[in-house]
Amino acid sequence: MSEARGLASAAAQQPPQMQHVRDAQEVLRLAGLRKSYNAGTALEVEVLHGIDFSLQRGELCALVGPSGSGKSTLLNLIGLLDAPSSGELFLAGQPTRTMDDVARSSLRNDGIGFVFQFHHLITAFTVLENVLMPLMIRNGRPTPAQRERAMALLQAVGLAQFADKKANAISGGQQQRVAIARALVTEPALLLADEPTGNLDTRTAGEVFELFRRFNRDFGCAVLVVTHDPRLSQRCDRTLTLVDGRIVGDERHPQPAPE
Ligand SMILES: Nc1ncnc2c1ncn2[C@@H]1O[C@H](COP(=O)(O)OP(=O)(O)O)[C@@H](O)[C@H]1O
Ligand SMILES: [Mg+2]
């Protein structure tokens, strides 16, 4: 993974806020987090009933639980895509609930990477352009150094030879790997993945998962991954179990040291 390690040198040029998120030991802390949908209407329903946990730098953590238990709702809150009804969410020690939209989106863009079950690549663009997208949204035209970083990530996910292909010219498993490279191009301190292997076959799912582990070890980024597959959650450092909007389990799994 020398390509990925080479990427770390780019950290020196990051804006101060990102540096701060990256250096924090406690990447994430949730305190009494609650979420209701349709608040103030007859359809109001609370789906998260007070969530408390924290995630340390470098932790690879699975989030499991039955369908409808609130996993996606929780990930959307952590990703600052939606706001909690009460409680507090700290990213790198910073309380986020009273942040204005500008500060929230800047923290999200700089500190958090997302991988969804469906990769949402833009098929009219090339594989490389898709990976560069988060940087282009932030800065406009990518710099040569950023293109190099994106290529290094494509190399790391085994897809450098497809860089100039249109995104719909590669297989579903390959597209999901492109989505992972895209999520990591900003070198986020926290990677959130919502059933990223849900529509992949077992072997491809295993390979995609292995990428999370590699980036987690190489960059020290914390990873929170929703999965239904017990074989994958066992390969994480830790498993959080969510049932009916409450954390009912927090289990550690000692992992063998990397070769
Ligand atoms: N936008 C929404 N409006 C109302 N209810 C919602 C909304 N999104 C999710 N829910 C409800 O919240 C609960 C948790 O959903 P979700 O977070 O998607 O669970 P999971 O990802 O664990 O399957 C479910 O009962 C779901 O129907
Ligand atoms: Mg879900």
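In the predicted model, strand β3 (residues 60-64) and strand β8 (residues 222-226) pair in the parallel sense over four bridges, where strands are DSSP E runs of at least two residues and helices are H or I runs of at least four, numbered from the N terminus, and pairing requires that DSSP finds at least two bridges between two strands. Leu63 stands opposite Val226 in β8. With strand β9 (residues 238-243), β3 likewise forms four bridges in the parallel sense, and here Leu63 stands opposite Leu240. Residues are numbered from 1 along each chain as its sequence is written, and chains are lettered from A and ligands numbered from 1 in the order in which they are written. Because the model is predicted, local features need pLDDT of at least 70 and side-chain atom pairs count only at pLDDT 80 or more, whereas totals for chains, interfaces and linings use all residues.

Five of the five residues of β3 are buried, so the strand is largely enclosed by the rest of the structure; a residue is buried if 20 or more other C-beta atoms, placed from the backbone, lie within 10 Å of its own. Leu60, Ala62 and Val64 point one way from β3, and Cys61 and Leu63 point the other way. In a regular strand the side chains alternate between the two faces of the sheet.

These strands belong to an open sheet of six strands with mixed pairing, in the order β6-β7-β8-β3-β9-β10. The edges are taken by β6 (112-115) and β10 (246-252), each with a single partner strand, so one side of each is left without a neighbour in the sheet. Neighbouring strands are turned by 15 degrees against each other on average, direction ignored, with axes fitted as lines to C-alpha atoms. The pairing of β9 with β10 is antiparallel and spans six bridges; within it, Thr239 has Glu251 as its bridge partner. Helix α3 packs on the sheet and touches β3, β7 (190-194), β8 and β9, and its direction makes about 155 degrees with that of β7. Contact means C-beta atoms, placed from the backbone, within 7 Å; angles run from 0 to 180 degrees between N-to-C directions, and helix axes cover the stretch in contact.

A second open sheet contains four strands in the order β2-β1-β4-β5, with antiparallel pairing. Its edge strands, β2 (45-56) and β5 (94-95), each pair on one side only. Strands β1 (residues 26-37) and β4 (residues 86-91) are joined by five bridges, and Arg29 stands opposite Phe90 in β4.

Terms used:
Buried ≥ 20, exposed ≤ 12 C-beta atoms within 10 Å, placed from the backbone. Contact = placed C-beta atoms within 7 Å.
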